[in-house]
Amino acid sequence: MKEELLVFEARRWASSFLSEHGREETAADWLLEHHMQLSRSQLLSAAREPVPLQAWEHFQQDVRLHAAGTPVQHLTGSSFFYDREFHVNPDVLIPRMETEELVWHVIDWVQTNKELKSPRIVDVGTGSGIIAVTLALELLSAQVQAVDIDSRALETAKRNAERLQASVTFHQESFLEGMASRKEQADVIVSNPPYIPKEEWERLDPLVRDKEPAVALIGKGKEGIHSYEEIIKYAAEVLAPGGLLAFEIGWQQGRAVMEAAEKVFPGKRIQVIKDLNGNDRIVTVVNK
């Protein structure tokens, strides 16, 4: 190839290369936007402009790394969630669109319950902090806490909160044990805990299985619902009367998580909510 390519030539090469290696061609544009510091529309408008030599060299390297199995988000160091850019790395999960639906549901519930002037919210297993930070920014009157047992994940979450100027209090704790011991209560408990059964995790795309933290993915037990059971157990003490407990779940776990909740919250309003694809995705408990 000649030394200086035009943008459209670089895109064409990368798309073809990624396709040959079984990767999504759209990753080519994400990486080129990153290395040229351009938005999507700017990249399209720059089709006949040259790619700076240094950007081209770094772009080629990252295209090859992605083809070999490194997630694009780990190459760019960022991922978008709820229209905001979050820092991500191999210590935390890459944000998924399904989790946006969980966050939207919590926001809608809080805004509907207008008597909650300053809702107390806790995000259990916060990871990169996407849920806690988003809720703090979307619900400005809320008091938001975030909990994770992994110190490296917490450092990433704190970095995201600081960069996006979100008011979140962080704790290195296991599930809700700390809040229960302090006899604290929350109006909203939200969590996207590890829920993929070990057998299913072993069959995942290597981009996920080999590059994202197993501890944040694998749910213990045959059905992978151990984390839900632990959170629900302590939620009996922490969730305020009338409060909301909201989980993201695996598409086959609706009944199992619902039954676990019914054991601890008998007679309460418990439901399974489907995602935009029609799969079971959220389980909620309203404590009244």
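Predicted model: local features only at pLDDT ≥ 70, side-chain atom pairs only at ≥ 80, totals over all residues.
**Exercise 1. Check the length of helix α4, residues 53-68, against its end-to-end distance.**

Step 1: helices here are DSSP runs of H or I with at least four residues, numbered from the N terminus.

Numbering runs from 1 along each chain as its sequence is written, and side-chain values use heavy atoms, leaving out hydrogens and water.

**Exercise 2. Which residues of α4 are buried, and what follows the helix?**

Step 1: call a residue buried under 20% relative accessible area, exposed over 50% and partly exposed in between (1.4 Å probe, protein chains only). Step 2: that picks out Ala55, Trp56, Phe59, Gln60, Asp62, Val63, His66 and Ala67. Step 3: next comes Gly69, with a positive phi near 125°.

**Exercise 3. Describe the surroundings of Asn279.**

Step 1: find Asn279 in the loop between β8 (269-274) and β9; strands are DSSP E runs of at least two residues. Step 2: at 29% relative accessible area, Asn279 is partly exposed. Step 3: skipping neighbours within four places in sequence, its contacts (heavy atoms within 4.5 Å) are Trp251, Ile273 and Lys274. Step 4: the C-alpha atom of Ile249, 30 residues away along the chain, sits 10.0 Å from that of Asn279.

Conventions: Expected span 1.5 Å × (residues − 1).
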